[in-house]
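Q: I have a structure open here and want to go through a few spots in it. Can you take me through them?

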Amino acid sequence: MTVFQGHEQVVFCEDRASGLRAIIAIHSTVLGPALGGTRFYPYASEEEALADVLELSRGMTYKNALAGLDHGGGKAVILGDPSRDKSEALLRAYGCYVQSLGGRYVTACDVGTYSPDMDHVARESRFVTGRTEAAGGAGDSSILTAFGVFQGMRAAARRVWGEPTLRGRTVGIQGVGKVGRRLADLLAEDGARLVIWDVDDAATARVVAAHPMTTVAADTAGLLAADLDVYAPCALGQALTDEVAATLQARIVCGAANNQLAHPGIEKTLAERGVLYAPDYVVNAGGVIQVADELEGFSMERARARAARIYDTTGRIFELAERDAVSPAVAADRLAERRMSEVGRLRSIWR
Ligand code: NAI
């Protein structure tokens, strides 16, 4: 693995007394302070943690650029098992390191960290967002993540069927956790039929209680075998494997999960089979839009209006993809890079 992958700064943080071992990666500050969550995860090795944080922080650069934020990309990982190792002292020690970067990196929640954890980090650092509502924060970011995915799905529906609605369509959701179940609510309200699958029975039961007409699949294969118009991966990454891409019946893939493509090139298979793929980092940006808003004093109304623009951005990416005869994933990357160069350049004007 090459460590230098175009990142501006990578910081290793250790505080032996609290057990903190963390890596903060700042990929880019071209558009502003790097913004991205803290993942607390029991990595098998330091190398694995480093590889993860480098990839995730690069992804945030692109996500934040296309979300229209004045933020670059960064991410942090804390090495350890959150259920065993998380403590006030560890989180506050981590906050000291975030503060020491002087605002070049702003942290938030990710897998294994929650709003109350950010409240602890915020006792040591000003450069934290995604705190609890009680502490004046934006709270649970899955609200606008689900809303943004729904907007992306509406844009895809307009592209494929001419109307920006899922009314009468069958949508299969893999993973009905915080985001997936909220997406189910929005889809049901829009008149879609739901087929769901989650490894956690309690999660599926919650959706069925709210929407009794929902069909529960037996497993992921069962979900994919259902007569789906849209497939929404909302569990873990890498949902789109070679096999899924080669056999999927749905016309649209649009979901919240990060890194849905198991490897580069799968987006081509999907395109060749006439499946429209809404790039994950474009449609799942509602959460980062929600927490970025907190930095200005949180307004749900303003954040929701910003997340609603995901509809236009997704539609524009589909248009550019067709114009340039590339996949939507490539068109999205190009659009993000264009904004970084056009807007980032303004930093060179001396003020
Ligand atoms: P969550 O942990 O609340 O929900 C994930 C659900 O997927 C859980 O109910 C879990 O039981 C289920 N699951 C795990 N493995 C599964 C499998 N193999 N098959 C079926 N179900 C499975 O997480 P959350 O917050 O809903 O996030 C979902 C995805 O969206 C994640 O990939 C996350 O990285 C991504 N995301 C979330 C954002 C947020 O604001 N919460 C923002 C951007 C992306």
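Q: Where is Ser-28 placed?
A: Ser-28 sits in strand E2, which covers residues 20–28. Bear in mind that this is a predicted model.

Q: Is Ser-28 buried or exposed?
A: Its relative accessibility is 7%, so Ser-28 counts as buried, the cut-off being under 20%.

Q: What does its side chain reach?
A: The side chain of Ser-28 comes to 3.1 Å from the backbone nitrogen of Val-30.

Q: And which residues is Ser-28 in contact with, leaving aside neighbours within four places in sequence?
A: Glu-8, Ala-34, Thr-61, Gly-72 and Gly-73.

Q: Now the ligand. How many residues surround it, and which are the closest?
A: The ligand is surrounded by 20 residues, and the closest are Ser-141, Thr-145, Val-179, Asp-198 and Ala-235. By class, that shell has 8 nonpolar, 8 polar and 4 charged residues.

Q: Which helices each supply at least two residues of the shell?
A: Helix H5 (142–161) and helix H6 (178–190).

Q: What polar atoms lie by the ligand's oxygen and nitrogen atoms?
A: A polar side-chain atom of Ser-141 is 2.8 Å from a ligand oxygen. A backbone N or O atom of Val-199 is 3.5 Å from a ligand nitrogen. For Ala-256, a polar backbone atom is 3.4 Å from an oxygen atom of the ligand.

Q: How much of the ligand's accessible area does the protein cover?
A: On its own the ligand has 830 Å² of accessible area, and the protein covers 75% of that.

Q: Last topic: which domains does the domain assignment give?
A: Domain 1 is 9–58 + 72–135, and domain 2 is 142–285 + 313–336. Their centres, taken over C-alpha atoms, are 29 Å apart.

Notes. Residues are numbered from 1 along each chain as its sequence is written. This is a predicted model: local features need pLDDT of at least 70, side-chain atom pairs count only at pLDDT 80 or more; totals for chains, interfaces and linings use all residues. Side-chain values use heavy atoms; hydrogens and water are left out. Domain bounds come from an automatic or database domain assignment. Helices (H or I, at least four residues) and strands (E, at least two) are DSSP runs, numbered from the N terminus. Buried means under 20% relative accessible area, exposed over 50%, partly exposed in between (1.4 Å probe, protein chains only). A polar contact is a pair of N or O atoms within 3.5 Å; within protein, one must be able to donate a hydrogen and the other to accept it, and residues adjacent in sequence count only if both atoms are side-chain atoms. Contact means heavy atoms within 4.5 Å. A residue is near a molecule or strand if one of its heavy atoms lies within 4 Å of it. Accessible areas come from the Shrake-Rupley method with a 1.4 Å probe; for residues, only the protein chains shown count as cover. Ala, Val, Leu, Ile, Met, Phe, Trp, Tyr, Cys and Pro count as nonpolar, Asp, Glu, Lys and Arg as charged, and the others, Gly among them, as polar.
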